[in-house]
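Okay, thanks for coming, everyone. Let me put the structure up on the screen and walk you through a few spots.

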Amino acid sequence: MMRSIHFKLIFETNSKRKIERFIESHYDRLDEIFDLNWKRTPAHTTIRGIIQGTSGTELEKSFREYSQELAESDGEKQFIGCDGKVLRGSFDHFEDQKAVQILSAFVSDSRLILAHEDIATKSNEIPAAQNLIAELGLSGYIYTFDALHCQEKTLKSAKDSGNDVVVQVKGNQKTLLNDCQTIAETTTPDEVYQEPVTKTRNRIESRKVEIFIAPTLTHAQKWNLVKVMVKVERSRQLFDTKTKTWKNSDETAFYISTILLSAQEFCQAIRNHWGIENSNHHVRDVTMGEDKSRIRTNPHIFAKLRSFALNILRKNKVENVSLELFDNCMNLDNILNYVGIL
């Protein structure tokens, strides 16, 4: 049954009733593929019971094993972005249940999700990220984080497992941020990279990256793993369709790193990290309807099933997920040619 549901999720990822309808419509073909041999197709209530009763621990174990197999044959897997996401529709006021939050590890180059870590109700992303680094058991990778994870323990967790970290610095580490600003203002950078201007519809953007090797920091012992400080200047021009004018938007950001890379490599790593929003979170919410989902009992199970489907599509170089889901609904056999299905 779970194999059939998993197969179905590559077509539609929101409703158990639609899973029921899909199985009814394609039962003969599904029976041929999976040797179901059922006396009758399951009702949506049965499907709901199966999904809700699935062990989250066992599902995550299977997901990690499967995802690492998908990622093995891909080229460079150097950068892993980690970012949390709230399942906004999973709250339940009657049960005093807040919306569930999940941290995901995302391979930047291939856009494959490697793993998830459920964030405990009375906790936050920081310990979840540290646990995830340890549990994955990988080495030789570079983890990228937003400023929330600019923590001494996070850097140490990565180093202890044979990995490195690039993390943004913001106001939650005021002294470190002041150090970064002072270094950038008073020191000549060791290397500078000017990214070529990129032009898309209604948007012109460029980045300038400066790196400062072996920066002198106020709390040197606390940040003894830091080898490089990175300054990124982003320049954007956005076209306002209402006023028919271009508006400038400039931003300066700082990062620290436990590994020495070229300015160009830092530029790509930082750009790729924020690609999580477009390649993962946006697709899940807009195309897969994750934010609108009102599943409240074990919502993380359905979220991880969506990740199975999304990984298969990414592995097969699908760019337009919405259109591909529609094509798959029109042609059941289309998906049988996917790498990673059978």
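Let's start with a quick one: is Lys156 buried, partly exposed or exposed? Have a look before I tell you. Lys156 counts as partly exposed, because its relative accessibility is 47%. And keep in mind that this is a predicted model.

So what does Lys156 do with its side chain? Lys156 makes a salt bridge with Asp160, and the closest N and O atoms sit 2.8 Å apart. Both residues are in helix H7, residues 152-160, and they're four residues apart, about one turn of the helix. Asp160 comes out at 58% relative accessibility, so it counts as exposed.

Glu32 counts as exposed because it has 58% relative accessibility, while Arg29, at 24%, counts as partly exposed.

Now for a pair that reaches between helices. The side chains of Glu60 and Lys304 meet in a salt bridge, 3.6 Å from N to O. Glu60 is in helix H5, residues 56-72, and Lys304 is in helix H10, residues 299-315, so this pair ties together parts that are 244 residues apart in sequence. Glu60 and Lys304 are both buried.

How many salt bridges does the structure hold? There are 27. Some of them share partners, and that joins Glu195, Arg203, Glu205, Arg207, Arg234, Arg236, Glu251 and Arg271 into one network.

The pocket is lined by 23 residues, and the closest to its centre are Arg207, Arg271, Trp274, Gly275 and Asn278. Elements giving two or more residues to the lining are strands E7, E8, E9 and E10, plus helix H9. H9 gives the largest share, nine residues. By type, the lining divides into ten charged, nine polar and four nonpolar residues.

Last stop, the surface. Leu323, Phe326 and Met330 form a nonpolar patch there, with about 350 Å² of accessible area together. Leu323 is in helix H11, residues 321-330. With 46% relative accessibility, Leu323 counts as partly exposed.

That's my tour, so over to you for questions.

Notes: Residues numbered from 1 in each chain as written. Predicted model: local features only at pLDDT ≥ 70, side-chain atom pairs only at ≥ 80, totals over all residues. Heavy atoms only, no water. Patch = residues over 30% accessible without salt bridge, like charges linked within 9 Å, V, L, I, M, F, W, Y side chains within 5 Å. Areas by Shrake-Rupley, 256 points an atom, 1.4 Å probe, with all protein chains shown as cover. Salt bridge = Lys/Arg side-chain N within 4 Å of Asp/Glu carboxyl O. Buried < 20%, exposed > 50% of the residue type's maximum accessible area, 1.4 Å probe, protein only. 1 Å grid on protein atoms, 1.4 Å probe; cavity = no way out; pocket = protein on both sides within 12 Å on 5 of 7 lines; lining within 4 Å. Nonpolar A, V, L, I, M, F, W, Y, C, P; charged D, E, K, R; others polar.
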